[in-house]
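Here is a short briefing to read alongside the model.

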Amino acid sequence: MKICIDAGHYGQYNKSPVNGNYYESEMNWKLSGYLKNALEAYGVTVITTRADKDKDLPVYERGRLAEGCDLFLSIHSNACDTESVDYPLACCSINGKADEIGQKLAETVAQIMDTTQKGRILKRKGDNGDWYGVLRGAASVGADGVLLEHSFHTNKRAVQWLMNDSNLRRIAEAEAETIAEHYGLKKSTAEKFYRVQIGAFRERENAEAMLESLKKAGFKEAFIKTNA
């Protein structure tokens, strides 16, 4: 399973009109990083469209970076003229291939953020395919595309929620779980072990002292090996 995550916008972009400390681009960047980590716990190979928050890249080209991926997911928050509006929105590729996962993700966001309005999907057609450039780019390389709006940054409660890092971590975990369930993925339960060679000792008691220190530090496979 391979997913491309796109942190929508760059730099300091889309300042909230109801809270001057919130920028959509900054939230997108943080949440994308948390989501990447959460998905990797399920064995997903994750690539991103940005290595730098402040680097700009045309929307169509960002979508095309999803070549070889099963899913392209662009992270955003929405805006409108009515402050009370707060529904999460999954803008899905017009080919319909991402409708199901898009709806599930919108519902997950609504549940975790406890929005007053239900999550929903939208498909918007333009003159040359998808109206959204990132989705059009993803479709051009065969990746299912979702642009996920995490409620509205024109809603005071939503903005306050999205400015809390612990909330972003929680929603990243929930979205990763939703994606994993949809694609039949499970978290790896196998423990990883790392073998470390710590020098060499002329006296066995010195080696044994180091062995004891390593075991106390949590190295489960620490042992003494001689070259005799």
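**The second largest pocket**

In this predicted model, the second largest pocket is lined by His9, Val59, Arg62, His76, Arg124, Trp131, Tyr132, Gly133, Val134, Leu147 and Glu149. The space in this pocket comes to about 240 Å³. At least two lining residues come from each of helix H2 (59–64), helix H4 (133–140) and S8.

**The sheet**

- An open sheet is built from 6 strands, with mixed pairing and the order S2-S1-S3-S8-S4-S5.
- At its edges sit strand S2 (45–48) and strand S5 (120–122), each of which pairs on one side only.
- On average, and ignoring direction, neighbouring strands of this sheet are turned by 25 degrees against each other.
- Strand S1 (residues 2–7) pairs with S2 in the parallel sense, over 4 bridges.

**The helices around it**

- Helix H3 (residues 99–113) lies across strand S3 (71–78), strand S4 (89–92), S5 and strand S8 (144–152), and runs at about 20 degrees to S8.
- Helix H1 (residues 24–40) has 17 residues and spans 24 Å from first C-alpha to last, close to the 24 Å expected at 1.5 Å a residue.
- The buried residues of H1 are Glu24, Ser25, Met27, Asn28, Leu31, Ser32, Tyr34, Leu35, Ala38 and Leu39.
- Those buried H1 residues pack against the strands S1, S2, S3 and S8, and also against helix H5 (156–162) and helix H6 (165–183).

Methods. Residues numbered from 1 in each chain as written. Predicted model: local features only at pLDDT ≥ 70, side-chain atom pairs only at ≥ 80, totals over all residues. Heavy atoms only, no water. Pairing = 2+ DSSP bridges. Axes fitted to C-alpha atoms, helices over the stretch in contact; angles between N-to-C directions. Contact = heavy atoms within 4.5 Å. Expected span 1.5 Å × (residues − 1). Buried < 20%, exposed > 50% of the residue type's maximum accessible area, 1.4 Å probe, protein only. 1 Å grid on protein atoms, 1.4 Å probe; cavity = no way out; pocket = protein on both sides within 12 Å on 5 of 7 lines; lining within 4 Å. Points joined across faces, edges and corners; volume = space filled by probe spheres on them.
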